[in-house]
Amino acid sequence: MLIASTVDAQRISLAEREGSREELMRLRNQSFRCPICHAPVLLKAGEKRRWHFAHRPHHTCLVENEPETEAHLAGKYDLFHWSRSAGRAPRLEYYLPELRQRPDVYLPGIEPTALEYQCSAIAEKRLAERSIGYLHRHITPVWIIGMHHHSCKRNMIRLSGFVSMAIRRSRAAPAQHPFSSPYFIWFYNASTKCFLRSSCLTPWSKTYFISQESCCTLSECRPYQLLAPYLDFSPKSFMRLWLTMKKRKRLARPLRMTREECLLRSQVYQFRQHFAWFPSYVGLPHHSFVYFLNPPLLWQMWLVLLLGRIQPGYWFTPERMLEEASRRGVADLFALRPLPLCPTKTAGQLIAVYLTQLVRLRVAEQSGASYRLFPYQVNETTFTECLKQDRQTLVQLEAALLDDPLKE
Ligand SMILES: [Zn+2]
């Protein structure tokens with residue numbers, strides 16, 4: 001904590017104090033209290049971390065106390081001064097008694113905002129509860145994740161557990177491309193004083209997302225951009241990466257599989273099909289598929305199996321397909337990812353997006369809210385042919401959706 005009170009209820013903020021070291025040393029002899037639970041707290045005036053207050057060991061405060069690393073203290077300090085110099089009136093460690101929560105930085109205003117700089121791991125359930133608590137009180141939560149949870153290689157970012165729950169949707173108008181994505185996540189590096197934004201997130205698997213990364217220093221960014229960054233999108237690099245991942249999946253040996261993939265493979269083999277020779281319209285990208293926990297390739301493969309092999313020629317609504325999945329023991333394929341900061345979507349709405357893509361590719365037809373697949377043949381083909389078709393299908397989908405964009 002950077003804030004405490006003295007015994008005579010005077011507020012002491014270590015983030016706003018311009019005093020000398022000697023002055024602070026004199027302060028050290030005072031007894032300080034936690035402004036929330038009023039228990040005595042210690043002034044930690046060491047060399048490794050910036051000066052801060054801490055409860056005595058094993059003390060339980062009214063708000064949950066996480067271990068305060070130097071990165072967390074520094075980030076909190078930076079975010080406070082950054083929003084203040086941008087003309088906002090930030091409140092550091094502002095206690096919200098009705099929620100029993102204390103955001104790192106609270107920005108009052110027309111749209112009150114709680115900035116949470118999360119460096120230590122937190123249970124997913126806690127992050128969801130805290131986000132929902134803020135939202136119920138009409139406070140917008142913004143989770144900014146510490147850099148050591150950032151793991152990205154060649155535009156593939158790994159987001160799992162509580163980190164993926166910080167995904168949000170930009171309020172800025174999205175880039176005009178069918179494969180661009182308004183979903184993004186904020187990271188902050190306290191040692192370089194830079195924000196890092198992983199944007200245009202499109203899910204590839206449970207934990208890997210295609211991402212476009214960009215850095216900006218504190219002075220290059222304004223607080224409103226936390227909610228509405230403009231996300232630039234490069235279609236070429238996205239399509240190249242999508243096709244590479246699809247190729248890898250076709251060639252991969254199934255050594256480590258999730259339970260859902262294992263189940264799906266056994267269903268595919270029952271129909272005497274080769275898993276790796278899935279049709280090119282299985283595994284189509286769309287930003288809204290971020291809501292499904294499972295890889296697009298898997299749940300799309302099951303839908304195509306249902307429409308093309310299990311009950312060919314039948315008309316299905318998305319809801320009916322979900323009932324069928326549940327009856328056949330694969331309901332988990334359509335499990336939704338917990339995204340407390342994003343608008344709610346149903347599995348049926350997401351399936352409808354994919355089925356509409358199939359209609360645009362002219363492999364399926366639509367009548368009202370129902371869809372059916374045109375009969376298809378799985379020919380014994382070569383991998384080279386499969387990869388060529390993947391590319392053609394993606395280009396065809398891009399052209400069809402540029403012409404007539406999908407409505408969400
Ligand atoms: Zn306390």
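Let me start with a question: how do the residues of the lining of the largest pocket divide into nonpolar, polar and charged? Keep in mind that we are looking at a predicted model. The answer is 12 nonpolar, 4 polar and 9 charged. This pocket holds about 820 Å³ of space, and 25 residues line it. Nearest its centre you will find Trp204, Ser205, Tyr208, Met245 and Lys249. Helix H5 gives the most to this lining, with 4 residues, while H5, helix H6 (259–270) and H7 each supply at least two.

Now, where does that pocket sit in the overall layout? The domain assignment gives domain 1 (1–62), domain 2 (67–233) and domain 3 (243–403). The lining of the largest pocket draws at least three residues from each of domain 2 and domain 3.

On to the second largest pocket, with a volume of about 520 Å³. Of the 27 residues that line this one, Glu64, Asn65, Glu66, Glu68 and Arg102 are the closest to its centre. By class, we have 8 nonpolar, 6 polar and 13 charged residues here. Why does the second largest pocket lie between domain 1 and domain 2? Because both domains give residues to its lining. The domain centres, taken over C-alpha atoms, are 27 Å apart, and 14 residues of domain 1 are in contact with 15 residues of domain 2.

The largest share of that lining, 4 residues, comes from strand E5. Helix H2 (70–85), strand E8 (113–118) and helix H3 (124–136) each supply at least two residues as well. So let's follow E5 back into its sheet, which is open, has 5 strands in the order E2-E1-E3-E4-E5 and shows antiparallel pairing. The edge strands are E2 (11–13) and E5 (52–55), each pairing on one side only. E5 pairs with strand E4 (residues 40–44) over 4 bridges, and there lysine 44 stands opposite histidine 52.

Next, a stop in the middle of the chain. UniProt, in an unreviewed entry, lists residues 68–229 as "domain: Competence protein CoiA nuclease-like". Over that stretch the chain is 20% helix and 32% strand, and the end C-alpha atoms are 29 Å apart.

E15 runs antiparallel to strand E11 (residues 156–158), with 3 bridges joining them. E15 also runs antiparallel to strand E14 (residues 194–203), this time with 8 bridges, and a hairpin joins E14 to E15 through 4 residues. Please find phenylalanine 209 in E15: its bridge partners include isoleucine 157 and proline 203.

Last topic: the cavities. How many of 30 Å³ or more are there? The count comes to 2. Among the lining residues are Trp277, Phe278, Met301 and Tyr376, and helix H7 (residues 296–310) gives the most, with 3 residues.

The second largest cavity has about 30 Å³. Its lining has 4 nonpolar, 3 polar and 2 charged residues, with Lys246 and Asp390 among those that line it.

Terms used: Residues numbered from 1 in each chain as written. Predicted model: local features only at pLDDT ≥ 70, side-chain atom pairs only at ≥ 80, totals over all residues. Heavy atoms only, no water. Pairing = 2+ DSSP bridges. UniProt positions renumbered as here; feature names shortened; annotations may be inferred. 1 Å grid on protein atoms, 1.4 Å probe; cavity = no way out; pocket = protein on both sides within 12 Å on 5 of 7 lines; lining within 4 Å. Points joined across faces, edges and corners; volume = space filled by probe spheres on them. Nonpolar A, V, L, I, M, F, W, Y, C, P; charged D, E, K, R; others polar. Domains from an automatic or database assignment. Contact = heavy atoms within 4.5 Å.
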